[in-house]
Amino acid sequence: MIQPREQVELQPFNTLALPSRARWFAEVRSVEELAAAAAWATTHDVPLLLLGGGSNVVLAGDWPGLAVRMASAGKRVVADEGETVLIEVAAGENWHALVQWTLAQGFEGLENLTLIPGTVGAAPVQNIGAYGVELASCLVSVRGWSLVAGREEELPAAACELAYRDSIFKHALRDRFVITSITLRLSRHGRRVTDYPALREALLKLGIEPSRASAVDVERAVRQVRQSKLPDPDQLPNAGSFFKNPLIPHAQYQALRRQWPALPSYAAGPGQIKVPAGWLVEQAGWKGKRRGAVGVHAEQALVLVHFGGGTGADVLALAAAIQADVQARFGIALEIEPRLYGDVTAAVAKAER
Ligand code: FAD
Ligand code: NAP
């Protein structure tokens, strides 16, 4: 049995600190409580909003249904395979705390993913990634509650359609499957990924040759780089990178490069080139710009920030203005990374009036 609370303010539960009142709200700590919450929403015929740490959502207006916050806890080694271990972790666990715990146990593989806010359960949703490593590199399987079948199901990683900041949970299983735990395979003697220039520089600054860095060294270096350029949501509310890095066809890249010789690029699979969205936003003149209660971070053009007193509509109106400028200048449509909730069109129209 769960007894949702009525009229709960979600501002403390999203890292952009956007105001949004949930008609109903419940925290769930187990699969049974989750199942009860899902049944409650069905019985009362209200939509479900699932929240982890709220670090990848934009809440545009109030939520007319039941907001459910995943708060389940627990992690355990389920198999010791010698060189590798399998660990199962509950969805409500904090991701960064998990990274610290694995390194303290001598388990390697998550060091590049340190300091990513949010919960373990949300990690497969966008296949979290940073500094050349994605969750996909160690995800074995996902357990969850199927809102369609009304039972627990297990999906092997191969069925999760993990891709660049993407997965089946943003498409076919969107709003249909709640992840309750994940299983990861970590290594006792992993291979380091240290080829991102900022990471290499940070290691060298610490007096560590990148090819000899330990997993603990890499975690420390990534943490230092992130702390130096990313705003801490507790100090300056934000949702991390607001736009995905566009993947464009090779021919389009060549044409752009003729016009913009400094355009940075990275290979991204057959025929595709990854272009840093932050560079496009900066070239379009948005870095450090403020529009009322919201703005573009001065150190990192990909991060939109909320100075206080604003709404989701203000954030989305700013995002729309940036998208229009980037489209006009480069012919590239920037895709918003966080998930949007509420009546987005109405909210933006209101903010632009
Ligand atoms: P939420 O924001 O609560 O939810 C995100 C989406 O996932 C929602 O649609 C929600 O319904 C869904 N969801 C949440 N939990 C579950 C579940 N258990 N089952 C099914 N669906 C669920 N991301 C990166 O990939 N790399 C980074 O380096 C990175 N850096 C960041 C830095 C900052 C400062 C911030 C604010 C964000 C950053 N992010 C990064 C984005 C974000 O932290 C991740 O996407 C994170 O995994 C979101 O977790 P969350 O628990 O906060 O999810
Ligand atoms: P950065 O180091 O300034 O690099 C800018 C962009 O170039 C990054 O987005 C990265 O793509 C790409 N890049 C750099 N070196 C690369 C290489 N060797 N190979 C392939 N791509 C390369 O980036 P940053 O903004 O400070 O972020 C650092 C890392 O943390 C990135 O991996 C980024 O994705 C991650 N991050 C993510 C979020 C989020 O909310 N999603 C927020 C903060 C940081 P990728 O983004 O594809 O790695």
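Leaving aside neighbours within four places in sequence, Arg192 is in contact with Glu108, Glu111, Ala213, Ser214, Ala215 and Val218, where contact denotes heavy atoms within 4.5 Å. The structure is a predicted model, in which local features need pLDDT of at least 70, side-chain atom pairs count only at pLDDT 80 or more, and totals for chains, interfaces and linings use all residues. Residues are numbered from 1 along each chain as its sequence is written, chains are lettered from A and ligands numbered from 1 in the order in which they are written, and side-chain values use heavy atoms, with hydrogens and water left out.

Arg192 belongs to the loop that links strand E12 (177-187) to helix H3 (197-205); helices (H or I, at least four residues) and strands (E, at least two) are DSSP runs numbered from the N terminus. Its side chain forms a polar contact of 2.3 Å with the side chain of Glu108. A polar contact is a pair of N or O atoms within 3.5 Å; within protein, one must be able to donate a hydrogen and the other to accept it, and residues adjacent in sequence count only if both atoms are side-chain atoms. A polar atom of the Arg192 side chain also lies 3.0 Å from the backbone oxygen of Gly190.

The axes of H3 and helix H4 (residues 215-229) come within 9 Å and cross at roughly 110 degrees. Axes are lines fitted to C-alpha atoms, for helices over the stretch in contact, and angles run from 0 to 180 degrees between N-to-C directions. H3 and H4 are therefore roughly perpendicular to each other, a class covering angles of 65 to 115 degrees. At this crossing, Ala198, Leu199, Ala202 and Leu203 of H3 meet Asp217, Val218, Ala221, Val222 and Val225 of H4. The contact of H3 with H4 comprises 8 nonpolar, no polar and 1 charged residues, with Ala, Val, Leu, Ile, Met, Phe, Trp, Tyr, Cys and Pro counted as nonpolar, Asp, Glu, Lys and Arg as charged, and the others, Gly among them, as polar.

Two ligand sites were also examined. Ligand 1 is surrounded by 32 residues, the closest being Leu50, Gly52, Gly53, Ser55 and Thr119; a residue counts if one of its heavy atoms lies within 4 Å of the molecule. A backbone N or O atom of Leu50 lies 2.7 Å from an oxygen atom of ligand 1, and a side-chain N or O atom of Tyr341 is 2.7 Å from an oxygen atom of this ligand. Around ligand 2 are 18 residues, of which Tyr164, Arg165, Tyr196, Lys274 and Gln300 are the closest. A polar side-chain atom of Tyr164 is placed 2.5 Å from an oxygen atom of ligand 2.

Technical notes
Parallel < 35°, antiparallel > 145°, perpendicular 65-115°, else oblique.
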